[in-house]
Amino acid sequence: MEEKKIEYKKCINKNCLNPWLPNTEEFFYGQWFTYAKGRKVYKLNTECKECRKKRSLKWKHDNPEKRKANDRRFDSKPERKEVMRKAAKKQRLEGKQKEWRQNNPDRVSLHNEKRRLHKNHKIKQSEWDACRLYFDYRCAYCGMSYEEHYEIYKQDLHKEHVDDDGANDLSNCIPSCRSCNSQKWEFEFEEWYNKNNPNYSEERYNKITKWLDEDCKKYIIK
């Protein structure tokens, strides 16, 4: 029986350490390409998996804000939301979130100290005014009004970091009441703000993501 000949292909990345590899899915990612009249063809990419992974990691490192925006768009897909809702609900029911805080007091303290020292928004008053106006002077999460918040807490709405490790400018800022600000803590936006959250509103969710992805750019002063 004639032995099957292995076809080799050269990775197009000029920095590839091992450019000649078997032209198989073990070494190259596959992708569907659409041509004229809707004809679809499945082909292996011209860049090997290792180089593609390295390039992807470098891009994520060099473009943290774009990466987070892409993550938000991905997480906003209905099927992804459902997965995250189930995971978050499971953690809450099992008491893992509360248990983690109780078992890691040092990390909780470190997080709070880090926020106190470094997590102060560097935005101009006019930018903050525009942000509050955009959300009708209400908590973007639960809808509590500025007047009600001041009556209860004797302070303005908080400048909330939607992404706990994100930027300190307007692109990562929404108004939040003291209660929501405290409850969200360092949880990811999608992990915390979903249908399992009693304050969740799809309308408010869509408004938050639209602000973060697009509308905030109109008000950033350079």
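This is a predicted model: local features need pLDDT of at least 70, side-chain atom pairs count only at pLDDT 80 or more; totals for chains, interfaces and linings use all residues.
## Aromatic pairs

Searching the whole structure turns up 14 aromatic pairs. One of them joins Tyr 134 and Phe 135. Their ring centres sit 5.0 Å apart with 70 degrees between the planes, making this pair edge-to-face. Tyr 134 is buried at a relative accessible area of 17%, and Phe 135 is buried too, at 5%.

Then there's Tyr 141 with Phe 189: the centres are 6.5 Å apart and the planes meet at 35 degrees, so this one counts as tilted. Here the pair ties together distant parts of the chain, 48 residues apart. Tyr 141 belongs to the loop between helix 6 (125–134) and helix 7 (146–153), while Phe 189 is in helix 9 (residues 189–192). Both Tyr 141 and Phe 189 are buried.

## Charges over rings

Elsewhere, Lys 9 lies over the face of Phe 28, and here the distance to the ring centre is 4.5 Å.

## Helix 2

Helix 2 covers residues 64–75, twelve residues in all. From first C-alpha to last it reaches 16 Å, close to the 16 Å expected at 1.5 Å a residue.

Which residues of helix 2 are buried? They are Lys 68, Ala 69, Arg 72 and Asp 75. These four cover an arc of only 130 degrees around the axis, so they end up on the same side of helix 2. As a rule, an α-helix has 3.6 residues a turn, so residues three or four places apart point the same way.

Terms used: Residues are numbered from 1 along each chain as its sequence is written. Side-chain values use heavy atoms; hydrogens and water are left out. Helices (H or I, at least four residues) and strands (E, at least two) are DSSP runs, numbered from the N terminus. The expected span of a helix is 1.5 Å times one less than its number of residues. Buried means under 20% relative accessible area, exposed over 50%, partly exposed in between (1.4 Å probe, protein chains only). The arc is that of the directions from the helix axis to the C-beta atoms. Rings of Phe, Tyr and Trp (its six-membered ring) pair if their centres lie within 6.5 Å; planes under 30 degrees apart count as stacked, over 60 as edge-to-face and the rest as tilted. A charge sits over a ring if NZ of Lys or CZ of Arg is within 6 Å of the ring centre and within 35 degrees of the ring normal.
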